[in-house]
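Let's walk through this structure together, one region at a time. Keep the 3D view open as you read.

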Amino acid sequence: MSVEKSNKAARGTVKCENTTLHLLKANDFVAEAIRKEMADRGILLINMTSSPGSGKTTLLQETGKRLKDKINMKILVGDLETERDADRLRDVGVDALQIVTGGICHLEAQMVHQGMEGLDLDGVDLLIIENVGNLVCPSSFDLGEDYRVTLVATTEGDDKPKKYPRMFLTSDMMVVSKSDLLPYLPFTIDAVTEDARDINPSLDVMTVSSQSGEGIDAWCDWLLQKVEEKKGVLA
Ligand SMILES: Nc1nc2c(ncn2[C@@H]2O[C@H](COP(=O)(O)OP(=O)(O)OP(=O)(O)O)[C@@H](O)[C@H]2O)c(=O)[nH]1
Ligand SMILES: [Mg+2]
């Protein structure tokens, strides 16, 4: 591309779309490499997404406490700044590595690939990616995951699936979090489920509270079952 053309691209909109497509193609190439490596190693890869503050790290802390002695699990966690989430996960005894995106609002497959190089994946059963808190951008980036799990907290309102449809369209599971707050909020599980399944009829739905413990064992059982299924494919 000539300098003149790239100057035009910086001002225009059509060239921008092409650049985005190019970026996504490059992302998909790396995502496929991650998918293949995970398949070869028999590691279940989960990509957890949500708005900021929906309770991803807290749920992963509770998950770690329950599963760390049953399976070999590791976590990669993405944030724009700070190592706070990785510290919180290490505090409960889970090996976690922070990816600091430096302002980028989502994780890309290349970042995950780099993060994987910083973890010892020998003998790992489950690798969970906590994506950057954002209901929009992460929906466009395949990270090579087996399952995409999106949290919706009761504090966010039950209208989110229809307003941010791509995230729910590309997810396998919706986890309604902070269910302990349901008595105080105008949020209904039926409404959020109906809207989400209108977008994606095959979406699984779970309800959890990291505060009261509701649904956490069911969530952990789901993970263990998926880990077994992944190992079964390897055998
Ligand atoms: N009442 C209640 N509060 C919760 C629950 N889970 C998390 N919280 C609180 O919600 C806040 C955000 O929780 P985090 O786990 O940090 O949320 P997050 O999705 O990891 O946030 P980002 O990584 O910044 O996107 C914290 O103050 C938690 O204590 C829950 O089940 N019930
Ligand atoms: Mg977090």
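**Around the ligand**

Start at ligand 1, which is surrounded by 17 residues, the closest being Gly55, Lys56, Thr57, Thr58 and Gly133. Here a residue counts as near a molecule or strand if its C-beta atom, placed from the backbone, lies within 6 Å of it. What you're looking at is a predicted model, in which local features need pLDDT of at least 70, side-chain atom pairs count only at pLDDT 80 or more, and totals for chains, interfaces and linings use all residues. As for labels, residues are numbered from 1 along each chain as its sequence is written, while chains are lettered from A and ligands numbered from 1 in the order in which they are written.

Sorted by class, the shell around ligand 1 holds two nonpolar, 11 polar and four charged residues. In that sorting, Ala, Val, Leu, Ile, Met, Phe, Trp, Tyr, Cys and Pro are nonpolar, Asp, Glu, Lys and Arg are charged, and the others, Gly among them, are polar. Helix H3 (residues 56-67) gives the most to this shell, with three residues. Helices (H or I, at least four residues) and strands (E, at least two) are DSSP runs, numbered from the N terminus.

Stay with H3 for a moment. Its 12 residues reach 16 Å from the first C-alpha to the last, close to the 16 Å expected at 1.5 Å a residue; the expected span is 1.5 Å times one less than the number of residues. Among the buried residues of H3 are Lys56, Thr57, Leu59 and Leu60. A residue is buried if 20 or more other C-beta atoms lie within 10 Å of its own, exposed if 12 or fewer, and partly exposed in between, with C-beta atoms placed from the backbone.

Now for the inside. The largest nonpolar core has 48 residues, and Ile75, Leu107, Val112, Leu126, Ile128, Ile129 and Leu143 have the most contacts inside it. Such a core is a set of buried Ala, Val, Leu, Ile, Met, Phe, Trp, Tyr and Cys residues joined through C-beta atoms within 7 Å. Leaving aside neighbours within four places in sequence, Leu143 is in contact with residues including Ala31, Ile34, Leu107 and Ile129; two residues are in contact if their C-beta atoms, placed from the backbone, lie within 7 Å.

Next, find Val132 in the loop between strand S4 (126-130) and strand S5 (147-153). Val132 counts as buried because 21 other C-beta atoms lie within 10 Å. Setting aside neighbours within four places in sequence, its contacts include Gly78, Asp79, Leu107 and Pro138.

Two loop residues have a positive phi without being glycine. Thr82 has a phi near 70° and lies between strand S2 (73-79) and helix H4 (84-91). With 10 C-beta neighbours inside 10 Å, Thr82 counts as exposed. Lys178, with a phi of about 60°, is in the loop between S6 and helix H8 (189-199). Lys178 is buried, with 25 other C-beta atoms within 10 Å.

Finally, how far can you trust the picture? The mean pLDDT (the predictor's confidence in each residue, from 0 to 100) is 92 for the protein, and 91% of its residues reach 70 or more. Confidence is lowest in helix H1 (residues 3-11), at a mean of 42, and highest in strand S6 (residues 173-177), at 99. Over residues 1-10 the pLDDT is below 50. Where pLDDT is low, the predicted coordinates should not be read in detail.
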